[in-house]
Amino acid sequence: MLDLFTIFTKGGIVLWCFRSTNQLFTPSVNALIKSVILQERSGVYDHDGLSLQYKLDNEFELVFVVAFQKILQLSYIDKFLSDVHLEFRDRYKNDLRVDNRNYGGDFEFESEFRRILERAEKWGRQQATMPKQMRSYEDSAKSKKTVASMIERKGEEKPPAGAGSGSKKSVKIAEKKKAGELADSDGMEAPSSPRSNGPELGEDLIMESRKKFAEKMMGKGGSGGKSSKLEKQKSPKSPQQAKSGKQMRVWDLGGNTKDIPNLDRSKDRPEDVKSDFTPNDQIIGSMRGGIRDLDVESDSEEDEEDEDEEEYEEQSGNKKQQSSRGGMFSMFKGLVGSKNLTLEDMQPALEKLRDHLIGKNVASDIAQKLCDSVAGKLEGKVIGTFDTIATTVKNTLTEALVQILSPKRRVDILRDCLEAKRVGRPFVMSFCGVNGVGKSTNLAKICFWLIENNLSVLIAACDTFRAGAVEQLRTHMRHLNALHPPEKHGGRNMVQLYEKGYGKDAAGIAMEAIRYANDSKVDVVLIDTAGRMQDNEPLMRALAKLIKVNEPDLVLFVGEALVGNEAVDQLVKFNQALADYSSSDRPHIIDGIVLTKFDTIDDKVGAAISMTYITGQPIVFVGTGQTYTDLKALNAKAVVHALMK
């Protein structure tokens with residue numbers, strides 16, 4: 001069932017290996033190390049038809065890796081990894097210690113491995129045949145409720161029916177009750193029961209309601225009611241009683257069909273072309289060179305750590321007294337030092353850590369994986385003193401988050417654009433995302449940054465669905481050309497718009513725009529696409545067709561910083577759709593992320609973690625406002641600092 005099981009050190013020395021086939025597993029294991037272990041991720045990793053899982057031993061610095069066919073569903077892998085890990089380290093712990101480390105010896109582990117494998121497979125078969133057990137009461141959400149929340153206090157009881165605000169409610173009940181009695185007595189008024197405690201106002205309301213109800217019942221059930229109904233049927237309707245049709249409302253400044261030519265803005269008019277857009281460099285600013293990073297907040301992490309340590313030293317005599325700061329890392333100080341950390345010791349702290357990340361807008365699944373990664377990295381390590389526990393855990397989590405947000409490859413768009421210009425072709429960037437996230441606005445910001453660096457841009461208006469999309473890009477083009485008029489660039493228009501109106505094929509428009517840019521020697525092509533939900537299959541097929549046909553150099557996903565769990569769903573389904581509908585062996589999926597509306601989230605920056613973790617792609621741009629210069633590069637330390645506050 002298993003294709004590979006290998007045990008190697010963190011330095012790369014293979015201690016023992018089991019292979020059931022002649023397949024070459026080196027690329028898969030190297031991909032696991034590069035994409036999962038070094039990035040401190042957890043879970044199952046799929047590569048080239050194989051599923052790989054790993055387990056770390058931090059005390060002896062070992063890595064246990066198992067690989068099996070992706071199509072297999074093996075329920076015993078986690079238990080099997082743990083059993084092999086414990087058996088191997090207990091058997092060879094003397095050879096693996098730091099003071100007596102000897103990797104040159106022969107690790108005979110074949111018989112023990114097969115015995116553990118047979119036992120794990122037997123356990124897996126038993127688990128498959130056993131009926132699914134019901135969840136115990138301790139595992140349910142109801143058991144988490146405190147006793148205090150289920151106690152009904154005296155002040156929370158409902159007031160009596162006849163006192164205070166309950167008098168109105170008692171009137172309604174009595175009214176319904178008497179109405180039922182009147183209906184049973186065929187319109188005859190029933191004697192009312194005396195109410196000694198009710199106020200006089202309530203009695204008056206009851207009597208008045210009885211009278212109205214009795215008149216209504218007499219009108220429906222009596223003979224007079226029938227005769228009046230017949231008279232109404234026989235009497236012809238007067239002209240005044242004839243029902244007139246609904247009249248249309250006339251709106252002020254509503255306009256009519258004669259105003260359509262004046263209101264049509266799909267084509268330029270002579271007065272629009274001659275409009276004077278006065279540039280103001282002092283208000284807008286400049287973006288020459290590379291994009292600036294996000295600003296780091298003034299208070300540093302070191303100051304917070306020093307304050308935490310001072311508070312702990314002051315309160316070390318009383319363990320039950322809570323820290324005045326009440327930070328998320330205060331409970332780590334309760335861990336016992338001078339021993340190997342276990343998962344049971346860290347479990348309460350990890351749960352608090354997970355809740356903190358979710359509160360910062362990190363997706364719940366990603367928060368759980370981050371906690372598992374921190375637990376795996378700390379499990380088995382020895383913490384020497386109490387004072388270093390909080391600092392060690394905080395540094396571990398900070399390193400993991402910075403590692404996730406740091407780009408895994410070089411991201412230098414200016415250099416790539418200049419290289420494409422040297423070759424004699426345009427550099428093509430395509431923008432995609434759901435509706436309303438700011439694709440066109442951030443495309444204009446990136447366009448301004450490019451023309452500030454003396455690169456001509458052609459905007460391809462491939463959003464042929466949303467009303468006003470082409471006009472929005474045309475307005476941006478005029479403003480940008482006013483900021484950089486042709487006189488400053490040797491008579492060359494820095495920004496051009498390629499548009500074919502609405503209702504056309506977006507892939508065809510993008511292809512024509514790239515061809516036009518190549519003939520006109522334009523440096524960069526920015527393709528604006530229509531917003532679409534990740535579950536809309538026809539629109540996702542159209543996007544995959546646009547990318548497959550035109551093969552852009554960079555595909556950027558534009559996402560909001562406001563979303564939490566939705567960010568994971570959007571990115572996963574966009575990537576999956578681009579892979580499934582491209583009909584190519586090597587589909588072009590998302591290359592980078594543009595994170596918008598970052599100025600609206602305060603310190604809830606978890607969407608950046610969720611998006612980067614799920615795709616492994618870098619956040620290239622961050623939108624921080626409404627003007628052209630409100631475009632920043634992601635500063636991993638600034639984001640982690642805000643996340644850890």
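Reader: Which residues in α21 meet residues in α22?
Author: In this predicted model, A567, V568, L571, V572 and N575 of α21 meet S610, M611, I614 and T615 of α22. Contact here requires heavy atoms within 4.5 Å.

Reader: What are the angle and the axis separation with which helix α21 and helix α22 pack?
Author: Helix α21, residues 565-580, packs against helix α22, residues 606-615, at an angle of about 30°, and the axes are 9 Å apart.

Reader: Why is α21 called roughly parallel to α22?
Author: Angles under 35 degrees count as roughly parallel. The angle between α21 and α22 is about 30°, and therefore α21 is described as roughly parallel to α22.

Reader: What is the handedness of the crossing of α21 and α22?
Author: The crossing of these two helices, α21 and α22, is right-handed.

Reader: Where does α22 lie, and at what angle does it run to β13?
Author: Helix α22 lies across β12, β13 and β14 (619-623), and its direction is at about 165° to that of β13.

Reader: In what order do the eight strands of the open sheet run?
Author: The order is β10-β9-β11-β8-β12-β13-β14-β15, and the pairing is mixed.

Reader: What makes β10 and β15 edge strands?
Author: Strand β10 (495-498) and strand β15 (631-632) each pair on one side only.

Reader: In what sense do strand β12 and strand β13 pair, and over how many bridges?
Author: Strand β12, residues 554-560, and strand β13, residues 592-596, pair in the parallel sense over five bridges. Two strands pair if at least two bridges are found between them, so the five bridges of β12 and β13 meet that condition. Within this pairing, V558 has V594 of β13 as its bridge partner.

Reader: Which strands does helix α20 touch?
Author: Helix α20, residues 537-550, packs on the sheet and touches β8 (427-432), β9 (457-462), β11 (524-529) and β12. The direction of α20 makes about 170° with that of β11.

Reader: Why does A513 count as buried?
Author: Buried means under 20% relative accessible area. A513 has 0% relative accessibility and therefore counts as buried. A513 has its place in helix α19, residues 506-520. Its contacts, leaving aside neighbours within four places in sequence, are L458, A460 and Y498. The C-alpha atoms of A513 and I527 are separated by 8.8 Å, the two residues being 14 residues apart along the chain.

Reader: In what sense do strand β1 and strand β2 pair?
Author: Strand β1 (residues 2-9) pairs with strand β2 (residues 14-19) in the antiparallel sense, over five bridges. In β2, V14 is the bridge partner of F8. β1 and β2 form a hairpin with four residues between them, and G12 in the turn has a positive phi of about 100°.

Reader: Why does T9 count as buried?
Author: The limit is under 20% relative accessible area. T9, in strand β1, has 4% relative accessibility and so counts as buried. Not counting residues up to four places away in sequence, T9 touches L15, E61, L62 and Y103.

Reader: Why does E61 count as partly exposed?
Author: Partly exposed lies between the 20% limit for buried and the 50% limit for exposed. E61 has 38% relative accessibility, so E61 counts as partly exposed. E61 is found in the loop between β4 (50-57) and β5 (62-69), and its phi is near 60°, a positive value in a residue other than glycine.

Reader: Why does S583 count as exposed?
Author: Exposed means over 50%. S583 has 68% relative accessibility and therefore counts as exposed. S583 has its place in the loop between α21 and β13; although S583 is not a glycine, it has a positive phi of about 50°.

Reader: How many disulfides does the structure hold?
Author: The structure holds zero disulfides. A pair of cysteine sulfur atoms must lie within 2.5 Å to count as one.

Reader: Is C462 buried or exposed?
Author: C462 counts as buried, because its relative accessibility is 3% and the limit is under 20%. C17, in contrast, is partly exposed, with a relative accessible area of 39%.

Notes:
Residues are numbered from 1 along each chain as its sequence is written. This is a predicted model: local features need pLDDT of at least 70, side-chain atom pairs count only at pLDDT 80 or more; totals for chains, interfaces and linings use all residues. Side-chain values use heavy atoms; hydrogens and water are left out. Buried means under 20% relative accessible area, exposed over 50%, partly exposed in between (1.4 Å probe, protein chains only). Axes are lines fitted to C-alpha atoms, for helices over the stretch in contact, and angles run from 0 to 180 degrees between N-to-C directions. Angles under 35 degrees count as roughly parallel, over 145 as roughly antiparallel, 65 to 115 as roughly perpendicular and the rest as oblique. A crossing is left-handed if the near helix is turned anticlockwise from the far one by less than a right angle, and right-handed if clockwise.
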